[in-house]
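Open the model in your viewer and keep the selection tool ready. The tour has two stops.

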Amino acid sequence: MSKKATKLLAGTFAAAILLAGCTEGGGTDSGNGSGNTVNTPADFTGNTGDVKIESGDTYAVITIQSFGAITVKLFPEAAPVGVQNFIDLADSGYYTGKEIHRVMSDFMFQGGSRNGDGMSTAEDPSFGVEYNAKMRHFYGALCYANGGGINGSQFYIVNCKSYTPLSREEVQATVDEVKALVDASASDAEREYYQYYYDYYSTILKGLKDSTEEIEAKYREVGGTPSLDGGYTVFGQTVDGFDVIDAVSAVEVEPDSRGELSHPVQKIVIESVEIFTAE
């Protein structure tokens, strides 16, 4: 593998691990499920355009204890299963008292696991990734963390205000090189290892192929994490409470049980998640 491909693997593959859900047994699963492409009308702009809450829109108010409220417009057109799942969990009171267990500055913060440890359980919802080309990982995007391409209750909010563009040609070259490594693997374990890389970069390539000049322009304007496009369900966009996102993202963190520097030193608690329909 070329040095360029190796460098790319080390960078964005690390991001994939950070957003993977963990199984009850403690193993980290990938977020690389190809998922279900949700088609929308040509005039649907998702969160790629000017996002504001209008009459009839569904939105969530995520209140984080001691920090404040984040208001997020939901997009059922682009993620019908995911949005309904989030509404059902919120209306049942599931998120009340749950923790934000993982905070990475200039990337995202994640919460909503049943036991506050980032582990999935047999009681969690289970459904596939929903992909729509007009839903992107801009600063303030609300998305599902997933394990093995399966969403559940855990969500994350993108907190990155900078933008690192990706080269379609470089990602394509990486996909081709890793595919060759998959084919040349000498053992099942080695094949599984490289298959993870191949699946993940294939989702990045999908997102890049569906990108437009307008999407690139918005990334340059507001920031975000385009390396996650394609592999995760983006189902909402923050419209108010960016100061809360920034405050949560700036907390002191320590290594978690896997050694990742992302566990908040002080517990961060979700006070409530409330769902509203704009009049």
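Start with Ile62, which sits in strand E2, residues 58–64. (Strands, E, of at least two residues and helices, H or I, of at least four are DSSP runs, numbered from the N terminus.) Ile62 is buried, at 2% relative accessible area; buried means under 20%, with a 1.4 Å probe and protein chains only.

A note on the source: this is a predicted model, where local features need pLDDT of at least 70, side-chain atom pairs count only at pLDDT 80 or more, and totals for chains, interfaces and linings use all residues. Residues are numbered from 1 along each chain as its sequence is written, and side-chain values use heavy atoms, without hydrogens and water.

Now select the contacts of Ile62 (heavy atoms within 4.5 Å). Leaving out residues up to four places away in sequence, they include Phe86, Leu142, Ile157 and Ser272.

Second stop: the cavity. The whole structure has 1 cavity of 30 Å³ or more. On a 1 Å grid over the protein atoms alone, a cavity is a set of points where a 1.4 Å probe fits but cannot get out; lining residues have an atom within 4 Å of a point. The largest cavity has a volume of about 50 Å³, taken as the space filled by probe spheres set on the points, which are joined across faces, edges and corners.

Select its lining, including Arg136, Tyr163, Glu216 and Asp229. Then color helices H4 (188–209) and H5 (213–222), which each supply at least two lining residues. H5 gives the most, with 3.

Definitions and conventions
Buried < 20%, exposed > 50% of the residue type's maximum accessible area, 1.4 Å probe, protein only. 1 Å grid on protein atoms, 1.4 Å probe; cavity = no way out; pocket = protein on both sides within 12 Å on 5 of 7 lines; lining within 4 Å.
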